[in-house]
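Please examine the sequence and the model shown below.

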Amino acid sequence: MATTHDDSLLEGLTTILGADGLLTDEESLTLHSSDLLAHGSRCRLVIRPRTQEQLVAAIKRIAASGLALMPRGGGLTYVGGYTGSGSDWVAVDLRRMNRILSIDEDDMVVTVEPGVTWQQLYEALQAKGLRLPFFGTFSGRGATVGGGLSNGALFLGTARYGTSADIVLGLEIVTANGSVLHTGQRAVANAPKPFLRSFGPDTTGLFIHDAGALGIKCKASLRLIRKPAHTDFLSFGFPDRDAAIAAICEIGRAELAEDAYVMDPDKTRAALSTPASLMSDVKTLGKVIAQEKGLLRGLKAGAQLAMAGRDFIEAGCFSLHLVLAGRSRAGLDDDLAAARAIASRFGGSELPNSIPKAGRAEMFSPLDAVLGPTGDRWVALNGKVPHSGAKALVDELEALLADHAEALTANGIVVSRLITIMGNHAFSYEPVFNWHDNWLPMHEATISAKAERDLPRPPANEAARALVMQLRQEIVAVFARHGAASNQIGRTYPYASVLRPESRALLEGIKRTLDPDGRMNPGALELG
């Protein structure tokens with residue numbers, strides 16, 4: 001039964017947010033207390049502000065109650081980043097703060113609210129011939145800018161331009177007591193626009209990849225580029241993993257591609273066998289044709305995509321896929337030639353470029369992809385190391401997985417790997433576990449009505465789930481031994497505990513200054 005204190009809080013928040021901005025029903029509390037991996041403890045209530053003014057007023061009202069705050073974007077994560085412990089916490093759902101506030105073509109800056117999705121922003125900029133350097137994740141239909149900045153989002157454009165962290169010029173942050181903090185040039189009282197990040201110490205960087213532990217992002221200003229005039233695609237097959245890794249690292253060092261990724265044989269088969277396969281979708285063929293320059297070239301590209309089909313990958317092949325872009329066709333052709341030379345040097349054979357071409361034609365995957373093609377659940381882990389550390393990291397991880405191969409097979413768990421690069425300086429290795437298990441509330445809330453109707457609904461599989469959880473912990477320990485970085489830190493990867501003492505003391509001092517009572521996403525980044 002609600003206490004008088006609870007009644008007063010609910011009345012105050014309803015006045016601030018409106019009836020539709022406050023959720024207390026069981027279904028909403030259950031949904032906002034879980035992610036794509038596990039249930040957390042039940043939150044007390046959910047707030048859904050529409051404006052910065054509502055957010056600030058609500059945070060000030062909640063501060064008086066002492067409840068913790070768990071900021072949340074699209075919710076498409078699996079690291080416990082917004083799920084708390086105990087019951088004294090409030091879920092802060094920011095998806096309704098979804099306005100693009102300004103697109104400044106003179107200063108090449110766009111300013112958005114945190115609930116804007118990457119797809120929404122891409123489409124608004126495309127109409128003006130503009131783009132972000134890094135411009136989203138495959139989950140960008142539902143994944144938000146605010147969530148991406150809190151969790152180190154990466155993929156589209158990452159091989160050349162880095163991650164979401166590398167495109168931010170400034171932020172507005174709501175702290176635990178409801179104060180609004182400006183970072184970047186807008187921190188200067190007389191600065192009218194957010195045009196520069198680093199006048200003085202980089203205060204913006206404090207709130208990037210912070211898992212929401214330091215404050216709630218209410219505005220973000222991001223740098224723009226003009227959309228490349230020409231884009232092309234390459235795919236190569238390699239006989240073994242080491243050759244594919246050597247090739248992708250060298251392509252990264254040469255700064256040739258916007259997207260670059262290696263799929264192992266299992267990941268390649270999955271990409272070519274999904275029921276809504278990009279390779280066979282008529283709409284995707286139309287988009288491939290549309291994205292090519294000139295009708296004849298477009299028709300040729302569409303025909304090549306259709307003819308390539310799904311059967312061109314040999315068994316045991318590690319496939320490397322590249323998206324290259326440039327201001328001129330001649331310059332792009334030079335980059336294509338350089339990429340081909342690198343792949344050939346490491347024993348690569350050129351393949352039909354169906355996968356990267358279709359991937360860019362349908363960049364933001366349907367959100368049904370939160371489940372596998374047979375209704376299976378999946379979860380990924382990721383570790384980033386310098387190129388020189390790639391082989392050692394991969395060798396140790398593969399030895400670990402080999403030790404558990406029999407148990408994985410017995411429990412019906414398939415492990416695939418996705419290999420990517422970040423700019424010219426970092427290598428990323430991502431093991432992905434797929435297994436059949438009961439769906440969680442976030443799966444139910446995310447998939448389409450068609451997927452809910454057509455996909456088989458597996459029963460609970462506690463044995464497989466326990467093995468996945470065990471191997472997650474062992475893999476995270478391997479990452480820590482290699483000093484690896486990870487995106488989506490949340491409550492899964494160690495952070496404060498692996499810092500040098502001086503660095504940890506600085507972080508904890510910043511946390512105390514911004515959040516003296518430890519109410520902002522306590523536990524994220526291993527901070528109270």
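The side chains of Arg 96 and Asp 20 are joined by a polar contact of 3.1 Å. A polar contact is a pair of N or O atoms within 3.5 Å; within protein, one must be able to donate a hydrogen and the other to accept it, and residues adjacent in sequence count only if both atoms are side-chain atoms. This is a predicted model, in which local features need pLDDT of at least 70 and side-chain atom pairs count only at pLDDT 80 or more, while totals for chains, interfaces and linings use all residues. Residues are numbered from 1 along each chain as its sequence is written, and side-chain values use heavy atoms, with hydrogens and water left out.

Arg 96 is placed in the loop between β4 (89-93) and β5 (100-104). Helices (H or I, at least four residues) and strands (E, at least two) are DSSP runs, numbered from the N terminus. Arg 96 counts as buried because its relative accessibility is 12%. Buried means under 20% relative accessible area, exposed over 50%, and partly exposed in between (1.4 Å probe, protein chains only).

Lys 217 also takes part in polar contacts. This residue is found in strand β10 and is buried, with a relative accessible area of 5%. Its side chain is joined to that of Asp 210 by a polar contact of 2.9 Å. The side chain of Lys 217 also reaches the backbone oxygen of Phe 207, at 2.9 Å.

**Cysteines**

How many disulfides does the structure hold? The number is 0, where a disulfide is a pair of cysteine sulfur atoms within 2.5 Å. Cys 218 counts as buried because its relative accessibility is 0%. Cys 249, at 4%, counts as buried as well.

**Aromatic rings**

The structure holds 8 aromatic pairs. Rings of Phe, Tyr and Trp (its six-membered ring) pair if their centres lie within 6.5 Å; planes under 30 degrees apart count as stacked, over 60 as edge-to-face and the rest as tilted. One of the pairs is formed by Tyr 122 and Phe 135, whose ring centres are 5.4 Å apart and whose planes meet at 25°, so the pair is stacked. This pair links distant parts of the chain, 13 residues apart: Tyr 122 lies in helix α4 (residues 118-126), and Phe 135 in the loop between β7 (130-131) and α5 (145-151). Tyr 122 is buried, with a relative accessible area of 11%, and Phe 135 is buried at 2%. Together with Phe 364, these two residues form one aromatic cluster.

Two of the spaces in the model are set side by side in the table. On a 1 Å grid over the protein atoms alone, a cavity is a set of points where a 1.4 Å probe fits but cannot get out, and a pocket is an open set with protein on both sides within 12 Å along at least five of seven lines; lining residues have an atom within 4 Å of a point. Grid points are joined across faces, edges and corners, and a volume is the space filled by probe spheres set on the points.

His 209 lies in the loop between β9 (180-182) and β10 (216-223). Although His 209 is not a glycine, it has a positive phi of about 60°. At 25% relative accessibility, His 209 counts as partly exposed.

The structure holds 1 cavity of 30 Å³ or more. The residues that line the largest cavity are Phe 138, Leu 156, Asp 259, Tyr 261, Val 323, Pro 356, Gly 359 and Arg 360. Both β13 (259-263) and α12 (354-361) supply at least two residues of this lining, and α12 gives the largest share, 3 residues. Helix α12 is mostly covered, with 8 of its 8 residues buried.
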